[in-house]
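Subject: Structure handover

Hello,

Here is the structure for your files. Please look it over before you read on.

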Amino acid sequence: MPSAGQLARSGFLGGLALLAASAAPVSAQPRWVAGTYIYADLCTMPEDGAQTGRRITLKRWPGSDNLVYEGAGLPAPIETAVTVDDGTKAVAFEIATSAGPVSFRGTAGPDALVGTLNSAGGAQPLRLKRVLRTGARQACPGETTGSIN
């Protein structure tokens with residue numbers, strides 16, 4: 001006859017085996033995780049306090065995606081629909097500003113949003129670092145990427 005300790009151990013191990021057998025395998029999700037992704041270079045010029053740069057906030061939900069675009073020279077943030085390819089992480093959007101249409105085509109990564117921004121001033125490369133915490137705008141470090149007027 002087994003001892004009480006042997007019964008307890010076999011019950012524990014049997015429970016672990018049952019738990020492991022009943023757990024479904026974890027598979028990769030075809031979409032990015034739902035949430036908010038912020039890419040920005042907004043900053044304040046130390047000389048005159050003028051703001052420059054831009055911030056792009058990508059909002060991912062299970063049913064839809066949208067984007068908020070903020071830039072120096074814009075009177076208010078602009079919210080718009082965005083096209084996101086889950087496989088390639090390609091991002092595309094177009095907004096209307098007082099200076100004309102602005103469009104972006106590029107890729108969102110874990111550390112940056114990289115692509116080409118097209119506006120009335122022509123096409124320009126854009127690289128915005130991913131911001132993990134929002135806070136007060138910082139002073140611009142030397143060279144900036146410019147602003148939309």
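Below are the ground rules, then the findings.

This is a predicted model: local features need pLDDT of at least 70, side-chain atom pairs count only at pLDDT 80 or more, and totals for chains, interfaces and linings use all residues. Residues are numbered from 1 along each chain as its sequence is written, and side-chain values use heavy atoms, with hydrogens and water left out.

Overall fold. The protein chain has one helix and 12 strands. Helices (H or I, at least four residues) and strands (E, at least two) are DSSP runs, numbered from the N terminus.

Sheet. Nine strands form an open sheet with antiparallel pairing. The order is β6-β5-β4-β1-β11-β10-β9-β8-β7. Two strands pair if DSSP finds at least two bridges between them. β6 (78–81) and β7 (83–84) stand at the edges with a single partner strand each, so one side of each has no neighbour in the sheet. β7 runs antiparallel to β8, and two bridges join them. Thr83 sits opposite Ala92 in β8.

Core. The largest nonpolar core holds 20 residues. Such a core is a set of buried Ala, Val, Leu, Ile, Met, Phe, Trp, Tyr and Cys residues joined through side-chain atoms within 4.5 Å. Buried means under 20% relative accessible area (1.4 Å probe, protein chains only). The residues with the most contacts inside this core are Ile56, Tyr69, Val82, Val91, Phe93, Phe104 and Leu113. Elements giving two or more residues to the core are β1 (35–40), β4 (54–60), β5 (65–71), β8 (90–97), β9 (100–108), β10 (112–119) and β11 (122–131). Leaving out residues up to four places away in sequence, Phe104 touches Val91, Ala92, Phe93, Leu113, Val114, Gly115, Thr116, Leu117 and Leu126. A contact means heavy atoms within 4.5 Å.

Disulfide. There is one. A disulfide is a pair of cysteine sulfur atoms within 2.5 Å. Here Cys43 is joined to Cys140, S to S 2.0 Å. Cys43 lies in strand β2 (residues 43–44), and Cys140 in the segment after β12 (138–139), 97 residues apart. The S-S torsion of Cys43 and Cys140 is about 95°, so the disulfide is right-handed. Cys43 is buried at 5% relative accessible area. Cys140 is buried too, at 8%.

Whole-chain totals. Of 149 residues, 33% count as buried. Of the contacts with a separation of 6 or more, 38% are between residues 24 or more positions apart.

Best wishes

Technical notes. Buried means under 20% relative accessible area, exposed over 50%, partly exposed in between (1.4 Å probe, protein chains only).
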